Each structure stands twice: as structure tokens, then as C-alpha cells.
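Student: I would like to go through this protein term by term. Please give the cut-off each time a word is used.

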Amino acid sequence: MKKTAVMKFTVESLELKPRVDRVLKDFGISYSPPEPFIIKGGYVVIDYDLRIPYEPAILESLMTKLSFVEDGELDFRLVFQFTEHELTTSPLFRVPSIGNIEQRYTTNKGRYQIKPFCDICGRAIYEKVGALKINTANVEKQNFVYVDSRLVISEKIASLFNEWELTGYQLEQVEHYGERAKKRNAYEVIPTNILPSQKIPDEIKNDPIARKLKCPACGTGGHLIFPYHYSKNVSEVIADFNYSLEFQAVSEKRVKRNMLISRKVKELLIESGFTDEEWDFEPVILI
């Protein structure tokens, strides 16, 4: 697995551009210096889009040297490039994205109750009260919808899951919100199998940038989310649908457990034509 930092920022001054380019050259960062985009009235916009090997010490130093940009508001995200071996041997996958279609993502119109999770950072678990409530007609059109990160499927997919004899889940019917005539059957997929704790390598556990972003008490928070790591014998205890034991921060207020699906589920969905190139299947790393 190769880690790359993607750093994007904007410079709004022709005077700052040479300073930025000099810093990047000093760090040996190879890139094509962007041309200024001058808007009517003389307003300058210079967009930088950098790909940098993820080395925490170098990134911290680089951000310090570039602190004159946007009042120091520099940020980056991580992109992971998995080996063919990792992609083909992983027994489990996280699915952070089911495509770039707006209708596949919605929010629950029902209620949540807030259960405290950490007294230090104040994050909480949002437990739904009753079934999810959405416009179910949308699910029939899309077949798969994320409702506040919860997976909801159509009647058609529910029947296929049963036909494929998938394990480790239960279905809960979703309530319809909207015109009665548009009501369709839709179901939330709720994993019933919880995985054992991860085997996180020390280099990730002690990553200085990631640790700085996380709550010291509960360990959640931050945007640097590494793939799940498990011991090889995790294959003995997995089902087709699973929840991680660990919680992950969704925002400054919320945490959740992530769903991980088996390779069998991934392959069946692909073979049946329900996915496209925009679905994101992130493999777990076996230790």
C-alpha cells in the first residue's frame, strides 16, 4: 500500500507565487507551476494541486514553510494505492462511496437519540429512534442509497441478498416520507456481526500528524483515515456484512461504526452489474 498526500490550495497574489514555487523547489517537489487566472478587475487566482509521498516529518515542515499562504490554512488528504495482491486477497472491503450520484445520498427524516461517547471531545453516537424515514421511491430508482452512512436497498436487492444466501445481516423496513403514491419497499441493511479489534501497525498508531488530529481520550477525529488492518485469521470470524469494533468520527459531534462487506458481496455486486467505476471498494490490510 502506497500513501500519497494530496495538497490543494489557492494563492491570490502574483507576489506570493514566486515564494510558493521556491519553497516547493527547495523540497524537491516535482510539479508544473500553475499559470495565474486573472479575473475581470485584476483579481488573481492561482490554484495548486500537489501529489506528495506521505512522510509526516516532511509534510509538517512543508506546511510550516508555506504558512504565509491563506493565513496558514493549509490542509491535505491521503490517497491510498493498493497492490494487486492486497486487492485480490483481502477478505473484507469498506465502501466509502457508492458513486457520484446525488440521489444515492440522503438524510433520515426520522428521529435520533444522542448517546454520549466521549466526555473529552464531546462526540456522541446518534441512535435512530424507530426505522429510518426517507422518500423510498428514490431507493427503487437507485437500488442502493446511503442514509446518513447507513445502507438502504431496494426490494429487488433484498431478494437477491436472500437468493445469494448472504450472512451477517438483518433487514429493517424503511418508512416512507412524502407522497403516499410514491411509497416503495426499501430496507436498511443492519450488520449483526462485529469484527474483532484491529491490528494497527505502530507506524500508523504513532503517526504524529494523525495523532495530533485525534482526541487523546477516545482516539477518534481527524481526516486522515487509514485503511482497516486485521490479522490474517480474521477470515475465520467474518460474515458477508460486518461492523467494525472501533468507532470512527463522522464529524466534530458524531461517531459511528463502519460496515465492511465480504469479497463475495463485492464480486456478486460487480458481476451483476450493480456497480460502476465510481464505487469505491477499499480493502482491509492483513497483518
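Student: How far apart are the mean positions of the positive and negative charges of the protein?

Tutor: They are 3 Å apart, for 39 positive and 41 negative charges. Lys and Arg count as positive and Asp and Glu as negative, while His and the chain ends are not counted. The place of a charge is taken as NZ of Lys, CZ of Arg, CG of Asp or CD of Glu. Note that this is a predicted model, in which local features need pLDDT of at least 70, side-chain atom pairs count only at pLDDT 80 or more, and totals for chains, interfaces and linings use all residues. Residues are numbered from 1 along each chain as its sequence is written, and side-chain values use heavy atoms, with hydrogens and water left out.

Student: How many helices and strands are there in the protein?

Tutor: There are 8 helices and 20 strands. Helices (H or I, at least four residues) and strands (E, at least two) are DSSP runs, numbered from the N terminus.

Student: Why is Leu 59 called buried?

Tutor: Buried means under 20% relative accessible area, exposed means over 50%, and partly exposed is in between (1.4 Å probe, protein chains only). Leu 59 has 1% relative accessibility, so the residue counts as buried. Its place is in helix H2, residues 56–65. Of the 287 residues of the protein, 44% count as buried.

Student: Which residues does Leu 59 contact, leaving aside its neighbours within four places in sequence?

Tutor: Contact means heavy atoms within 4.5 Å. On that basis Leu 59 is in contact with Ala 5, Met 7, Ile 52, Tyr 54, Phe 76 and Ile 209.

Student: Is Ser 262 buried or exposed?

Tutor: Its relative accessibility is 5%, so Ser 262 counts as buried. Ser 262 lies in strand S18, residues 254–262. Not counting residues up to four places away in sequence, Ser 262 touches Pro 91, Leu 92, Ala 239 and Asp 240.

Student: What makes Lys 253 exposed?

Tutor: The relative accessible area of Lys 253 is 57%, so the residue is exposed. Lys 253 is placed in the loop between strand S17 (241–249) and S18. Among the residues that Lys 253 touches, beyond those up to four places away in sequence, are Gly 122 and Tyr 126.

Student: Why is the pair of Phe 80 and Phe 226 called tilted?

Tutor: Rings of Phe, Tyr and Trp (its six-membered ring) pair if their centres lie within 6.5 Å; planes under 30 degrees apart count as stacked, over 60 as edge-to-face and the rest as tilted. By this rule the count comes to 17 aromatic pairs. The ring centres of Phe 80 and Phe 226 are 5.9 Å apart and their planes are at 55°, so this pair is tilted.

Student: What parts of the chain does that pair tie together?

Tutor: Phe 80 lies in strand S4 (residues 76–81), and Phe 226 lies in the loop between helix H7 (208–213) and strand S16 (229–230), so the pair ties together parts 146 residues apart in sequence. Both Phe 80 and Phe 226 are buried. Together with Tyr 54, Phe 76 and Phe 82, they form one aromatic cluster.

Student: What makes the pair of Tyr 112 and Tyr 126 edge-to-face?

Tutor: Their ring centres are 6.2 Å apart and their planes are at 65°, so the pair is edge-to-face. Tyr 112 is in strand S7 (residues 111–116) and Tyr 126 in strand S8 (residues 124–129), 14 residues apart. Tyr 112, with a relative accessible area of 22%, is partly exposed. Tyr 126, with 21%, is partly exposed as well.

Student: Which charged end sits over the ring of Tyr 126?

Tutor: That of Arg 254, 4.9 Å from the ring centre. A charge sits over a ring if NZ of Lys or CZ of Arg is within 6 Å of the ring centre and within 35 degrees of the ring normal. Elsewhere, Arg 19 lies over the face of Phe 68, at 3.9 Å from the ring centre.
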